[in-house]
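Hi everyone, thanks for coming. Please have a look at the sequence and the model on the screen, and then we'll walk through them together.

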Amino acid sequence: MDKQTIEFLVKKTDNIVTKIGKSCVSHPEIHFSGGSIKWYKDKPKQQHSNKNG
């Protein structure tokens, strides 16, 4: 996993450090070779006939 962003936080109250935290958002390695992508054609939903009228 490659790390995308890292945030570091220090919370102070009256010039005293009360909390220290960090977080990161990781994402999988990208394996896109730059080729074309197959897209499926959208098909409209078929209308069902109503038996009661």
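Let's start at one residue: Asn15 counts as exposed, because its relative accessibility is 73%. For that word, exposed means over 50% relative accessible area, buried means under 20%, and partly exposed is in between, with a 1.4 Å probe and protein chains only. Where does Asn15 sit? Its place is in the loop between β1 and β2. The phi angle of Asn15 is near 60 degrees, which is a positive value in a residue other than glycine.

Now look at Asp14. Asp14 also lies in the loop between β1, residues 2-13, and β2, residues 16-27. Phi of Asp14 is near 55 degrees, again a positive value in a residue other than glycine. Is Asp14 buried or exposed? Asp14 has 71% relative accessibility, so it counts as exposed.

A quick word on where this comes from. This is a predicted model, where local features need pLDDT of at least 70, side-chain atom pairs count only at pLDDT 80 or more, and totals for chains, interfaces and linings use all residues. Residues are numbered from 1 along each chain as its sequence is written, and side-chain values use heavy atoms, with hydrogens and water left out.

Let's step back to the chain. How many helices and strands does it have? The chain has zero helices and two strands. Both kinds of element are DSSP runs numbered from the N terminus: helices are H or I with at least four residues, and strands are E with at least two. Of the 53 residues in the chain, 0% are buried. The accessible surface is about 6400 Å², and carbon and sulfur atoms hold 52% of it. Those areas come from the Shrake-Rupley method with a 1.4 Å probe, and for residues only the protein chains shown count as cover.

Next, contacts, meaning heavy atoms within 4.5 Å. Taking the contacts between residues at least 6 apart in sequence, 18% join residues at least 24 apart.

Leu9 is in strand β1, and with 55% relative accessibility it counts as exposed. Leaving out residues up to four places away in sequence, Leu9 touches Lys19, Ile20 and Gly21. Ser23 belongs to strand β2 and counts as partly exposed, at 40% relative accessibility. For Leu9 and Ser23, 14 residues apart in sequence, the C-alpha to C-alpha distance is 8.7 Å.

One last stop: which residues form a nonpolar patch on the surface? They are Phe8, Val10, Val17 and Ile20, with about 420 Å² of accessible area together. The elements giving two or more residues to this patch are β1 and β2. Patches take residues with over 30% relative accessible area and no salt bridge, joining like charges within 9 Å and nonpolar side chains (Val, Leu, Ile, Met, Phe, Trp, Tyr) within 5 Å. A salt bridge is a side-chain nitrogen of Lys or Arg within 4 Å of a carboxyl oxygen of Asp or Glu. Val10, from that patch, is found in strand β1 and counts as partly exposed because its relative accessibility is 40%.
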